[in-house]
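Morning, everyone. I have one model to walk through today, and I'll keep it quick.

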Amino acid sequence: MLTATIVGSLSGGLQFDETGQRYCTIYSDQANRAVRALIRNDKQAALISRLPKHSRLTASGLLRSKGAIGNGGKALAFLTIIVQQIQIHEVSQ
């Protein structure tokens with residue numbers, strides 16, 4: 001399995017997916033891409049749940065991806081990082 005790292009802004013708070021797993025969305029201006037970060041660690045989840053939207057952080061872990069074809073016929077890639085490490089850079093006010 002591949003590892004991945006994203007540096008970006010928290011796009012929203014902690015949420016639960018259709019299988020009940022906790023995740024947050026991180027948007028990278030540099031990559032012009034949003035990635036779903038699956039949070040399995042309770043301490044990391046507690047920390048992220050207290051962060052306001054747009055806080056800057058780095059998430060690293062295992063990369064999981066799914067592909068699909070959009071309505072316009074273009075290929076879409078849905079990227080998820082199963083978080084192993086997280087680092088907070090700035091907390092937005």
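Ground rules. This is a predicted model, where local features need pLDDT of at least 70, side-chain atom pairs count only at pLDDT 80 or more, and totals for chains, interfaces and linings use all residues. Residues are numbered from 1 along each chain as its sequence is written, and side-chain values use heavy atoms, with hydrogens and water left out.

Strands. Helices (H or I, at least four residues) and strands (E, at least two) are DSSP runs, numbered from the N terminus. Two strands pair if DSSP finds at least two bridges between them.

Start with S5, residues 56–69, and S6. Those two pair in the antiparallel sense, over 14 bridges. Leucine 63 has isoleucine 81 in S6 as its bridge partner. Arginine 64 stands opposite threonine 80 in S6. S5 and S6 form a hairpin, with five residues between them. Glycine 73 sits in that turn, with a positive phi of about 85 degrees.

Now the other partners. S1 and S5 run antiparallel, joined by seven bridges. There, threonine 5 stands opposite serine 60 in S5. S4 (residues 33–38) pairs with S6 (residues 75–90) in the parallel sense, over three bridges. Arginine 36 has threonine 80 in S6 as its bridge partner.

Stay with arginine 36. Which ring does arginine 36 lie over? The face of tyrosine 23, at 3.8 Å from the ring centre. The rule for a charge over a ring: NZ of Lys or CZ of Arg within 6 Å of the ring centre and within 35 degrees of the ring normal.

What about ring-on-ring pairs? The rule takes rings of Phe, Tyr and Trp (its six-membered ring) with centres within 6.5 Å; planes under 30 degrees apart count as stacked, over 60 as edge-to-face, and the rest as tilted. By this rule the count is zero aromatic pairs.

On to the helix, H1, residues 42–50. Which residues of H1 are buried? Gln44, Ala45 and Ile48. Buried means under 20% relative accessible area, exposed over 50%, partly exposed in between (1.4 Å probe, protein chains only). Seen down the axis of H1, those buried residues fall within an arc of 100 degrees, so they line one face of the helix. The arc is that of the directions from the helix axis to the C-beta atoms. What do the buried residues of H1 pack against? S1, S3 and S6. Contact here means heavy atoms within 4.5 Å. The face turned away from the buried side carries the exposed residues Asp42, Lys43 and Arg50.

The helix has a cap. Asparagine 41 caps the N-terminal end of H1, with a side-chain oxygen 2.8 Å from the backbone nitrogen of lysine 43.

Asp42 comes back with arginine 22. Arginine 22 lies in strand S3, residues 22–28. A polar contact of 2.9 Å joins the side chains of arginine 22 and aspartate 42. The cut-off: a pair of N or O atoms within 3.5 Å; within protein, one must be able to donate a hydrogen and the other to accept it, and residues adjacent in sequence count only if both atoms are side-chain atoms. Not counting residues up to four places away in sequence, arginine 22 also touches others, including Phe16, Ile39 and Ala45.

Next, threonine 58, in strand S5. Is threonine 58 buried or exposed? Buried, with a relative accessible area of 11%. A polar contact of 2.4 Å joins its side chain to that of histidine 89.

Leucine 10 is in strand S1, residues 3–10. Leucine 10 counts as buried because its relative accessibility is 0%. Leaving out residues up to four places away in sequence, leucine 10 touches Ile48, Leu51 and His54, among others. Leucine 10 and isoleucine 39 are 29 residues apart in sequence and 13 Å apart in space, C-alpha to C-alpha.

Last, two backbone angles. Histidine 54 is in the loop between H1 and S5. Histidine 54 is not a glycine, yet has a positive phi of about 80 degrees. At 47% relative accessibility, histidine 54 counts as partly exposed. Asparagine 32 lies in the loop between S3 and S4. Its phi is positive too, near 55 degrees. Asparagine 32 is exposed, at 59% relative accessible area.

That's the tour. Over to you.
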